[in-house]
Amino acid sequence: MHTADLVGKWELLSIVGEFQDGRRLEPWGPNPTGQLVYSVDGYFYTSAPTPTLQTGTEEPFDAIEVYVGRYEVDEHAAAVRHTVALSRMPNWEGTTFFRYPSFEVDRLTMRTPSEISLGVEIVFAFVWHRVRSDSGGWE
């Protein structure tokens, strides 16, 4: 995988938590919305309104996950590093998140490292679809 594989605009299709015991969790529901943008010069932006924002049950600022910063492709680890510069959640700033990408045509799946939740190992998979303009290029 190379940086050029990521560059462009992506729309969120799903967020699924996959527990080691086989259970699945959709924390943003079955039809999430969101965007992910990677620039040629190493910057990224991502946002995803939570289900409460989509239904109007929470204050807008509290109901959107958004962060921006720099990204780097680590070809040896087959990973992308997101180093957060600015976030709605200040404790994320300066943090580096690792994501493990896989591609299928215009679909990008980014998996998180495994973590323990409710005493069980879980991996989150974020599935994105590449957005192309009418001219065939990226938006």
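**Notes on the fold, core and ring pairs**

1. To start with burial, 39% of the chain's 139 residues are buried, where buried means under 20% relative accessible area, exposed over 50% and partly exposed in between (1.4 Å probe, protein chains only). Please keep in mind that this is a predicted model, in which local features need pLDDT of at least 70, side-chain atom pairs count only at pLDDT 80 or more, and totals for chains, interfaces and linings use all residues. Residues are numbered from 1 along each chain as its sequence is written, and side-chain values use heavy atoms, with hydrogens and water left out.

2. Now the overall layout. Two helices and 10 strands make up the elements of the chain, taking helices (H or I, at least four residues) and strands (E, at least two) as DSSP runs numbered from the N terminus. Their order from the N terminus is α-β-β-β-β-α-β-β-β-β-β-β. Of the contacts with a separation of 6 or more, 43% are between residues 24 or more positions apart; a contact means heavy atoms within 4.5 Å. The accessible surface is about 8000 Å², and carbon and sulfur atoms hold 54% of that area (Shrake-Rupley method, 1.4 Å probe; for residues, only the protein chains shown count as cover).

3. Next, the core. The largest nonpolar core contains 23 residues, and Leu-6, Tyr-38, Tyr-71, Leu-108, Met-110 and Trp-128 have the most contacts inside it. Such a core is a set of buried Ala, Val, Leu, Ile, Met, Phe, Trp, Tyr and Cys residues joined through side-chain atoms within 4.5 Å. Among the strands that each supply at least two residues of this core are S1 (8–19), S4 (43–49) and S10 (120–131). Leaving aside residues up to four places away in sequence, Tyr-38 touches Leu-6, Trp-10, Phe-44, Tyr-71 and Met-110, among others.

4. On strand pairing, S6 and S7 (residues 96–104) run antiparallel and are joined by four bridges; strands pair if DSSP finds at least two bridges between them. His-82 has Phe-97 in S7 as its bridge partner. S7 also pairs with S8 in the antiparallel sense, over five bridges, with Ser-102 partnered by Thr-109 in S8. These two strands, S7 and S8, form a hairpin with two residues between them, and Val-105 in the turn has a positive phi of about 55°.

5. The aromatic rings may interest you. There are six aromatic pairs, counting rings of Phe, Tyr and Trp (its six-membered ring) whose centres lie within 6.5 Å, with planes under 30 degrees apart called stacked, over 60 edge-to-face and the rest tilted. Trp-10 and Phe-103 form a tilted pair, 6.5 Å centre to centre with 50° between the planes. This pair links strand S1 to strand S7, across 93 residues. Trp-10 is buried at 0% relative accessible area, whereas Phe-103 is partly exposed at 34%.

6. Phe-44 and Tyr-67 form an edge-to-face pair, at 5.5 Å centre to centre and 75° between the planes. Phe-44 is in strand S4 and Tyr-67 in strand S5, so their pair ties together parts 23 residues apart in sequence.

7. Beyond residues up to four places away in sequence, Asp-74 touches Ala-79 and Arg-81.
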